[in-house]
Amino acid sequence: MLDIRGIVKTFHPGTENEVRALQGVDLRVEDGSFVVVIGTNGSGKSTLQNAVSGSAVVDEGTILLAGRDITRWPEHRRAALIGRVFQNPFSGTAPGMSVGENLALAERRGLRRTLRRNASLRSRDALAERVRRLGMGLEDRLDTEIGSLSGGQRQALTLLMATMRRPELLLLDEHTAALDPRAAEMVIRVTDDLVRGGKLTTLMVTHSMQQAVSLGDRLVMMHRGRVVADISGAEKQRLRPGDLLDRFDAIRRREQIDLSAAEMLRETYI
Ligand SMILES: Nc1ncnc2c1ncn2[C@@H]1O[C@H](COP(=O)(O)OP(=O)(O)O)[C@@H](O)[C@H]1O
Ligand SMILES: [Mg+2]
């Protein structure tokens with residue numbers, strides 16, 4: 001289980017560039033739950049993922065993963081428990097190495113050196129079988145340089161690599177945003193297969209309202225560094241993209257009201 005309690009992150013505090021990226025986020029994700037995260041630009045979605053992975057250190061609050069308090073762990077130590085996939089299909093793999101070499105590396109990642117030496121690693125046939133299950137025909141291309149594959153193919157392989165050692169948590173940050181619609185659809189199918197097939201605890205950020213309603217068992221909406229909606233169960237299943245757009249509109253309207261109220265106050269008191 002991932003248990004985030006009251007995390008706060010402010011960039012450039014006390015300067016004119018101060019950004020309060022996370023303003024007290026609580027989020028508990030049960031084992032095997034697939035949580036989709038949406039939110040306006042700059043609402044703190046990536047910072048939340050960075051706080052969990054350790055690439056951003058929080059100012060306040062605690063983060064527990066699989067019963068361990070990882071709040072102060074360095075990023076590389078957390079990497080043993082966490083798989084990540086980013087937006088850029090070129091960031092997750094080593095372009096000059098073959099598909100098979102990338103997969104073999106991914107299998108060893110996060111293992112301590114002694115463990116690495118003694119680990120019983122999958123044979124080439126077993127790796128090929130994993131690739132075959134992606135349903136993309138890449139099992140015949142284990143010796144191809146991964147850099148020569150398309151963005152969608154690379155992103156699907158990056159997903160496989162991130163989940164190969166069955167992480168305690170999988171973090172996906174708009175991992176289809178840079179792909180054309182067909183490739184995005186293919187990567188989403190692979191995502192759903194791997195996450196649900198492996199019952200992986202997952203936090204997936206997306207900009208796509210369609211993905212937000214059709215994937216996962218829970219939806220979290222962020223705005224200005226806070227969780228403003230948390231929808232699961234039957235309500236999640238009933239959600240349509242229009243419902244989400246309505247909620248965003250409601251937030252925007254409320255902010256405009258707050259803004260004009262603030263202006264009125266200023267006019268009254270200054
Ligand atoms: N490393 C950083 N340094 C300064 N400001 C940052 C940094 N990372 C994020 N921010 C700011 O924090 C806010 C939240 O950013 P982010 O979490 O990337 O939003 P999202 O992923 O929801 O679009 C934004 O205003 C962004 O500009
Ligand atoms: Mg982001």
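How many Å should the 13 residues of helix H6 (residues 151-163) span, and how far apart are its end C-alpha atoms? Here are a few friendly notes.

1. This is a predicted model, in which local features need pLDDT of at least 70, side-chain atom pairs count only at pLDDT 80 or more, and totals for chains, interfaces and linings use all residues. Residues are numbered from 1 along each chain as its sequence is written, and chains are lettered from A and ligands numbered from 1 in the order in which they are written.

2. To the opening question: at 1.5 Å a residue (times one less than the number of residues), H6 should span 18 Å, and its end C-alpha atoms are 18 Å apart, which agrees. Helices (H or I, at least four residues) and strands (E, at least two) are DSSP runs, numbered from the N terminus.

3. H6 is mostly covered, with 12 of its 13 residues buried (20 or more other C-beta atoms within 10 Å of a residue's own, C-beta atoms being placed from the backbone). Among them are Gly152, Arg154 and Met161.

4. Strand S6 (82-85) is part of what covers H6. Ile82 and Arg84 on one side of S6, and Gly83 and Val85 on the other, are all buried. S6 and S7 run parallel, joined by four bridges, and isoleucine 82 has leucine 169 of S7 as its bridge partner.

5. Around ligand 1, the residues (C-beta atom, placed from the backbone, within 6 Å) include Phe11, Val19 and Lys45. Helix H1 (45-53) and strand S2 (19-29) each supply at least two residues of this shell, and H1 gives the most, with three.

Note on methods
Two residues are in contact if their C-beta atoms, placed from the backbone, lie within 7 Å. Two strands pair if DSSP finds at least two bridges between them.
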